[in-house]
Amino acid sequence: MLTRPRHEQSVARQVLVLQLIVVLVLVVTALALATYDARNDIRASARDEAVSVARAVARSPVVREAMATSEPTALLQPYAEAVRVDTGVDFVVVMDRDRTRWSHPNEEQLGKAFIGNLGGAPGGEVYTEEYVGTLGPSIRAIVPVFGPSSASDTNNGSPVVALVAVGITLTQLDDLLVDEFTDIVVAAAVVLIVGIVGAWLIARRLRRQTHGMGEREITRMYEYYSAVLHAVREGLLLIDLDGRVQLVNDEARRLLSLPDDVVGRSLDDLGLPPALVEAASGERGADEVYVTGEHVLVASSSAAFWDGREVGAVVTLRDHTELQAVTGELDTVRGLTESLRAQTHEAANRLHTVVSLIEIGRTEEAIDFVTDELKVAQMLTDRVVGAVGDPVVAALLLGKSAEAAERGISLTVTGELPASSVAVGSPRDLVTVLGNLVDNAIDAVAGTADRRIVVHLEGSPDHTRLVVGDSGPGLTPEEAAHALERGWTTKADAGDAHGVGLALVSQVARRLDGGVRVGRSELGGAEMVVVLGREPEPETAAVPS
């Protein structure tokens, strides 16, 4: 089990910290931008308000009436103060063109020169600025007052007779900004709290999904697990509850000839043997033999659990192709040994018979008996060896013939399979095919009254044809359709050791570009036809015109 390095925080905690930092930065940035925008809005609004008040004062009849008197201050000072109080601005100053003040919030400033820039106001334009005057920094608007011939505050050729300056101090604007800033801070605090809660919920979910591990631990686990998966000599498949492949290593890809995009695909779409698909996605088992196109596999399937719940199945595969071939050869040798034992027992009986005949003085009958037995044995040997050029295959058939004779079964070999003409199939392949077919035929006729088996051999440089027929009960069409499947058998004591022979025969035939046909023998039982290599198409006779 991997241990977390000291001082390494979990991925979930690191993500939580990063999310909190991001949320905090975003909220502070938004707060600063909102404050800056509010400040600009307040100042723009103050500038517009100052212009509006200044224009209203410039159009007022009181201003025109006061300018017609010798003392404009007497009328303009109370009027300007009333406007200032009503509109909330900080000062309303009406002045002569030479900057002499006729009104001011501070009466000590009356008659003194206006401080600040006038811009284009003396020429009939509206001028605004931010300036530090007698009342402190302020935003002010300066509007011209036109002569009596002008009906509006625009320059229509009338002379400018006076100026009106209206201002709002920045202190008042800052107070307004503080009020808005409080609302902005409250909104930012709500957003920050929502962001923190969301980040905590995301981190909590991530902690469950990563099991509280740190990034180096996850990286190290991935590297170790990947190295182990690719290094093991057994195939490994991880199947989820929906029967889809979630993990596969290189050995499993090789054994099952899986495509590169196998992860995420269903087992049913991979062309695997139905029995293997059923075992992988259904019942669990250990060390069961399955035959694929090119391999004999031993598969074990077990349920995979996490936190007490089943998440799928783990299937391990071992390649037993070579072992199965060696086992087949061992079975052949064992069969030959049993045949030799039976022949030794029979030879001993015959030798005792000859000795007894000689002891009682029946020498001629003893010689005739020995001669007849030698002829029968030699005829069998000559027939098999003459038909089969390969010594391994000939030894197999001789052993099977002796085994069949011991069990009261007639085994006949027909046709010819000379070694010089056989180009398809090694002796091992032929032993696998013939051994399994003959064994099945012997088992099929063992319980019948008519016990006959015929083995027919054909060989050419392009193909090898092996036919084994028997006089047993045969196979129904339904049984013939499943005869080549792994695990199918007609034996009453079927187990893991049965149902593999014909599947191996089919595998050898497919590997050598051939095939297997199941039919009805002329003897009345089943007939198995195995072709190794491509069988030539029958020639069609020409129809005379």
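User: How many cavities of 30 Å³ or more does the count come to in this predicted model?

Analyst: The structure is a predicted model. A cavity here is a set of points where a 1.4 Å probe fits but cannot get out. By this rule, with a volume of 30 Å³ or more required, the count comes to 3 cavities.

User: What volume does the largest cavity have, and which strand gives the largest share of its lining?

Analyst: The largest cavity has a volume of about 90 Å³. Its lining includes Phe91, Val93, Arg101, His104, Gly136, Ser138 and Arg140. Two elements give two or more residues to this lining, namely strand S1 (91–95) and strand S3 (136–146). The largest share, 3 residues, comes from S3.

User: How do the residues of the lining of the largest cavity divide into nonpolar, polar and charged?

Analyst: Among the lining residues are Phe114, Ile115, Gly133, Thr134 and Leu135. Gly counts as polar in this division. The lining divides into 5 nonpolar, 5 polar and 2 charged residues.

User: At roughly what angle do the axes of helix H11 and helix H13 cross?

Analyst: Helix H11 covers residues 427–445 and helix H13 covers residues 501–511. H11 passes H13 in a left-handed crossing. Their axes come within 9 Å and cross at roughly 145°.

User: Which residues of H13 meet H11, and how does the contact divide by residue kind?

Analyst: From H11, the residues in the contact are Asp429, Thr432, Val433, Asn436, Leu437 and Asn440. In H13 they meet Gly501, Leu502, Leu504, Val505, Val508 and Arg511. The residues of this contact divide into 6 nonpolar, 4 polar and 2 charged.

Conventions:
Residues numbered from 1 in each chain as written. Predicted model: local features only at pLDDT ≥ 70, side-chain atom pairs only at ≥ 80, totals over all residues. Heavy atoms only, no water. Axes fitted to C-alpha atoms, helices over the stretch in contact; angles between N-to-C directions. Helix = DSSP H or I, 4+ residues; strand = E, 2+ residues; numbered from the N terminus. Left-handed = near helix turned anticlockwise from the far one by under 90°. Contact = heavy atoms within 4.5 Å. 1 Å grid on protein atoms, 1.4 Å probe; cavity = no way out; pocket = protein on both sides within 12 Å on 5 of 7 lines; lining within 4 Å. Points joined across faces, edges and corners; volume = space filled by probe spheres on them.
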